[in-house]
Structures are given as structure tokens and as C-alpha cells.
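Subject: Structure handover

Hello,

Here is the structure I promised you. Please open it alongside this email. My notes follow below.

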Amino acid sequence: MIIRNFQSLSANSAKKDALSIIKAGLVAANPRISLEEKIIKKNTLILPGRKINLRKYQRVFIVAVGKAGHTMTCAMDSLIHVDGGLVVVPNKFKMVGKKFKVIHAGHPIPNKNSLVAAKTIFEFLGNTGSGDLVIFLISGGASSLVAMPDGITLGEKRITTNLLIKSG
């Protein structure tokens, strides 16, 4: 049950309707539910026009980037065997377990750790082999959490990002 005290809070029909709407939103936003229903079936990734049997791979890794990186990684790790990976999230998130390297980077404005995250992802991918599968999980905030500006400095990207945020 997502809302544990649903019954006691839904004292009248208006409250029950409001709680039902909130519950539907929470269910829709829960990565585990979405992954279980739409993407993962019996150790197979179901993608548009393609099915990937995870048993074909020696190792399966996750690279998760975004505000939901931790939640998505935990969901995938509970549904399939994952050997490890990288999780890039804002500072306020923590990862449980040692098989995932966590990088806390800047959000909503990229910082030096955003550059570190990009370089670390490239290095990580360079150490994978043809028998490995890397699953990317990307959510909101990724563009600031992982940054490797080309042709501009990090400072210029920070200024540009800040201007875009302020412009609405």
C-alpha cells in the first residue's frame, strides 16, 4: 500500500478522491512498478521493437543519471541481477551497497563533479567488454549532473544554465 493510512484519511468522498489521485500519481512515478510492468519480463528487457535476453551477457551494469537515479537503480537491482555500475545524483541522495559507485554532482547548475561524472562514465564504459551489457537509466537533472562542455568552459555553461533557469 503506497498510502498506508489511506482508509483513516479518506473520511469523506472528496478526501477519498483526492487521495486516489495522489496514489495514482505515486504509482505512475514509481520506477519499480513501471519497470516491472513494461520493461522487465523473465530476465528480458522489453524495448520498442526489440527484446534483450539478459542471460546472454556475462555482466550487466547500470549507469544511472538524474534525480531519480538512485530509485531507478534500486528498482532495477531488485528486478534483475546487476553486477555494478555508476549512479550520478544530486548531493541529497545516497546509495546503499558497495557495487555502485556514486557521484554527487551539481543540480540544477553543473559543477566540477559534473565534469568528473562525465569522465568517470567514459572511463567506466572503456572498461567494459563485448560480453557486457550497460543499461542507461536517465531522469530529470541529467544535463547538469553530467556535463562535458565542448567549445565552452564549465563557467560559461554554468552562466548559460543559470540564465535559462531564470528565463522560465
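One definition before the details: a residue is called buried when its relative accessible area is under 20%, exposed when that area is over 50%, and partly exposed in between. Please also keep in mind that this is a predicted model.

**Overall layout**

The protein has 7 helices and 7 strands. Along the sequence they follow the pattern α-α-α-β-β-β-β-α-β-β-α-β-α-α. The C-alpha trace spans about 60 × 45 × 35 Å along its principal axes. Of the 168 residues, 35% are buried. Take the contacts between residues at least 6 apart in sequence: 57% of them join residues at least 24 apart.

**Helix α5**

Start with α5, residues 112-126. Its 15 residues should span 21 Å at 1.5 Å a residue, and the end C-alpha atoms are 21 Å apart, which agrees.

Which residues of α5 are buried? They are Ser-114, Ala-117, Ala-118, Thr-120, Ile-121 and Phe-124. These residues cover an arc of only 165 degrees around the axis, so they sit on the same side of α5. On the other side of α5, Lys-112, Phe-122, Glu-123 and Gly-126 are exposed.

What do the buried residues of α5 pack against? Their partners are the strands β4 (59-65), β5 (84-89), β6 (100-104) and β7 (132-138), together with helix α6 (142-145).

The N-terminal end of α5 is capped by Asn-111. A side-chain oxygen of Asn-111 lies 2.9 Å from the backbone nitrogen of Asn-113. Look also at the loop between β6 and α5, where Pro-108 is placed. The peptide bond from His-107 to Pro-108 is cis, with omega near 10 degrees.

**The N-terminal part**

Ile-2 is in the segment before α1. With 36% relative accessibility, Ile-2 counts as partly exposed. Leaving out residues up to four places away in sequence, Ile-2 touches Leu-26 and Val-27. The C-alpha atoms of Ile-2 and Ala-24 are separated by 9.5 Å, and the two residues are 22 apart along the chain.

Next comes Ser-10, in the loop between α1 (6-9) and α2 (13-29). Is Ser-10 buried or exposed? Its relative accessibility is 14%, so Ser-10 counts as buried. The side chain of Ser-10 reaches the backbone oxygen of Gln-7 at 3.2 Å. Neighbours within four places aside, Ser-10 is in contact with Lys-15, Lys-16 and Leu-19.

Helix α2 has 17 residues. From first C-alpha to last, α2 reaches 24 Å, close to the 24 Å expected at 1.5 Å a residue. At the start of α2, a side-chain oxygen of Asn-12 comes to within 3.1 Å of the backbone nitrogen of Ala-14.

**The largest pocket**

The largest pocket has a volume of about 220 Å³. Its lining has 15 residues. Nearest the centre of this pocket are Leu-35, Ile-39, Ile-135, Phe-136 and Leu-137. The elements that give two or more residues to the lining are α3 (31-39), β2 (44-47), α4 (69-79) and β7. Which element gives the largest share of this lining? It is β7, with 6 residues.

Leu-79 is found in α4. Beyond its neighbours within four places in sequence, Leu-79 is in contact with Arg-32, Leu-35, Glu-36 and Ile-40. Leu-79 and Thr-161 are 82 residues apart in sequence, and their C-alpha atoms are 36 Å apart in space.

**Two backbone points**

Asn-43 is in the loop between β1 (40-41) and β2. Its phi is positive, about 60 degrees, although Asn-43 is not a glycine. Asn-43 is partly exposed, with a relative accessible area of 26%.

After α7 comes Gly-168, whose phi is positive, near 85 degrees.

Best wishes

Note on methods: Residues numbered from 1 in each chain as written. Predicted model: local features only at pLDDT ≥ 70, side-chain atom pairs only at ≥ 80, totals over all residues. Heavy atoms only, no water. Helix = DSSP H or I, 4+ residues; strand = E, 2+ residues; numbered from the N terminus. Expected span 1.5 Å × (residues − 1). Buried < 20%, exposed > 50% of the residue type's maximum accessible area, 1.4 Å probe, protein only. Arc of directions from axis to C-beta. Contact = heavy atoms within 4.5 Å. Polar contact = N/O pair within 3.5 Å; in protein donor to acceptor, adjacent residues only side chain to side chain. 1 Å grid on protein atoms, 1.4 Å probe; cavity = no way out; pocket = protein on both sides within 12 Å on 5 of 7 lines; lining within 4 Å. Points joined across faces, edges and corners; volume = space filled by probe spheres on them.
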